[in-house]
Amino acid sequence: MSLLSWIIVFCLLGGLLSVLAAALFLVLSDSLRNRLLPHLVSFATGTLLGAAFLGLLPHALDSVAGTDAHVIPMAVLLGLLGFFLLEKLVLWRHCHADHCEVHAPDEESHDHSTGAMILIGDGLHNFLDGILIAGAFLTDIHLGVVTSVAVAAHEIPQEVGDFAVLLHSGFTRGRAFLYNILTSLTTVIGGVLAYFTLQQMQAALPFVLAIAASSFIYIAVADLIPTLHRRVEGSATVQQIVLIAAGILLIYSTHSTLH
C-alpha cells in the first residue's frame with residue numbers, strides 16, 4: 001500500500017469511526033453515558049500524552065540531531081501558545097460533556113449559530129489533525145499509526161460533546177450526524193494536502209511533529225485533565241490514573257510492536 005493510501009485510510013478511519021462511536025454513544029441512556037464518558041476522557045488523556053512524549057517528540061528530536069537542541073522545545077512552546085490563542089478565539093474549544101458551558105445555548109433558544117460555530121471549529125481542528133497525521137506518516141509509518149490512534153481516541157469524547165451541542169442548538173439527529181461526517185472529511189483533505197506539500201519540505205517535518213506533540217499536550221492538559229478534576233473522590237482518582245496509564249500503555253505497546 002502506498003504512503004498516500006496509508007494517510008487517507010487512517011484519516012478516514014480516525015474521523016468516521018469517532019463520529020460513528022459518538023453517534024452510538026448518544027443512543028445510550030443519559031445515566032450510562034454520563035458514567036462512561038469520564039472513562040473515555042481519562043483514556044484519551046493517556047493516549048495523547050503517550051503519543052506526544054513517547055512517539056512524536058523522540059522522532060522530532062532524532063530528526064534534528066546535530067543541530068541546536070533548543071529548536072524542537074521552542075517549536076513545542078510556540079505551538080502551546082498558538083493553541084492557547086486559538087482557544088481564546090473559540091476555534092479550538094473542545095466539549096467533552098453533554099452540556100458545554102462555552103458552546104451550549106439556552107435549551108429553549110435553539111440557536112443554530114452556535115451549532116454552526118461548532119462545525120466550523122471542528123472542521124478546522126480535523127483539517128489540522130490530517131496535517132499532523134500526514135506529517136507523522138511521512139516520518140515513519142509506525143509513528144503515523146500511533147498518531148492516528150491517539151487522534152481517534154480523543155475525537156470520540158469530543159464528538160459526543162459536539163453532537164450534544166448540535167442537538168441543543170435545534171439540529172435533528174440525522175442532520176447532526178451528517179454534518180459531523182462532513183466535517184470529519186476535512187481530516188482527509190488536510191492529510192492529502194500535507195502529503196504533497198511536506199514531501200517537498202522535508203526539513204519542516206520535525207517541526208510538524210513538534211506542533212503535533214504540542215497539540216496533543218495542550219488538548220490533554222487544557223481540555224481533558226480539567227474535566228477529570230471535577231471528580232475528587234478517591235475511587236474516581238484511582239480509575240482515572242488506571243485509564244490514563246492504559247492509554248499510555250496502548251501507545252507504547254503499539255509503537256513497540258510495530259517496530
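Mentor: One cut-off before we start: a residue is called exposed if its relative accessible area is over 50%, and buried if that value is under 20%. Also keep in mind that this is a predicted model.

Trainee: Okay, let me try that out. Is His229 buried or exposed?
Mentor: His229 is exposed, because its relative accessibility is 57% and the cut-off for exposed is over 50%.

Trainee: And where does His229 sit?
Mentor: You'll find His229 in the loop between H8 and helix H9, which covers 234-258. Its C-alpha atom is 9.8 Å from that of Gln240, and those two residues are eleven apart along the chain.

Trainee: Let's zoom out. How many helices and strands does the chain have?
Mentor: There are nine helices and zero strands. Reading from the N terminus, the order is α-α-α-α-α-α-α-α-α.

Trainee: What share of the residues is buried?
Mentor: Out of 259 residues in the chain, 47% are buried.

Trainee: What about contacts along the sequence?
Mentor: Take the contacts between residues at least 6 apart in sequence: 83% of them join residues at least 24 apart.

Trainee: Which residues form a nonpolar patch on the surface?
Mentor: That patch is made of Met1, Val9, Leu13, Leu17 and Leu20, and together they have about 460 Å² of accessible area. Met1 belongs to the segment before helix H1 (3-27). With a relative accessible area of 64%, Met1 counts as exposed.

Trainee: Now something on the inside. Where is Thr47?
Mentor: Thr47 is part of helix H2, residues 30-63. It's buried, since its relative accessible area is 0%.

Trainee: Which residues does Thr47 touch?
Mentor: If you skip residues up to four places away in sequence, Thr47 touches Ala150, Ala153, Gly247, Ile248, Leu250 and Ile251.

Trainee: And what does its side chain do with its polar atom?
Mentor: A polar atom of the Thr47 side chain lies 2.8 Å from the backbone oxygen of Ala44.

Trainee: Switching to rings. How many aromatic pairs does the structure hold?
Mentor: Six aromatic pairs. One of them is Trp6 with Phe137: the ring centres are 6.2 Å apart and the planes are at 35 degrees, so we call the pair tilted.

Trainee: Which parts of the chain does that pair link?
Mentor: Distant ones: Trp6 is in helix H1 and Phe137 is in helix H4 (residues 112-139), 131 residues apart.

Technical notes:
Residues numbered from 1 in each chain as written. Predicted model: local features only at pLDDT ≥ 70, side-chain atom pairs only at ≥ 80, totals over all residues. Heavy atoms only, no water. Helix = DSSP H or I, 4+ residues; strand = E, 2+ residues; numbered from the N terminus. Buried < 20%, exposed > 50% of the residue type's maximum accessible area, 1.4 Å probe, protein only. Contact = heavy atoms within 4.5 Å. Patch = residues over 30% accessible without salt bridge, like charges linked within 9 Å, V, L, I, M, F, W, Y side chains within 5 Å. Areas by Shrake-Rupley, 256 points an atom, 1.4 Å probe, with all protein chains shown as cover. Salt bridge = Lys/Arg side-chain N within 4 Å of Asp/Glu carboxyl O. Polar contact = N/O pair within 3.5 Å; in protein donor to acceptor, adjacent residues only side chain to side chain. Phe/Tyr/Trp six-rings, centres within 6.5 Å; stacked < 30°, edge-to-face > 60°.
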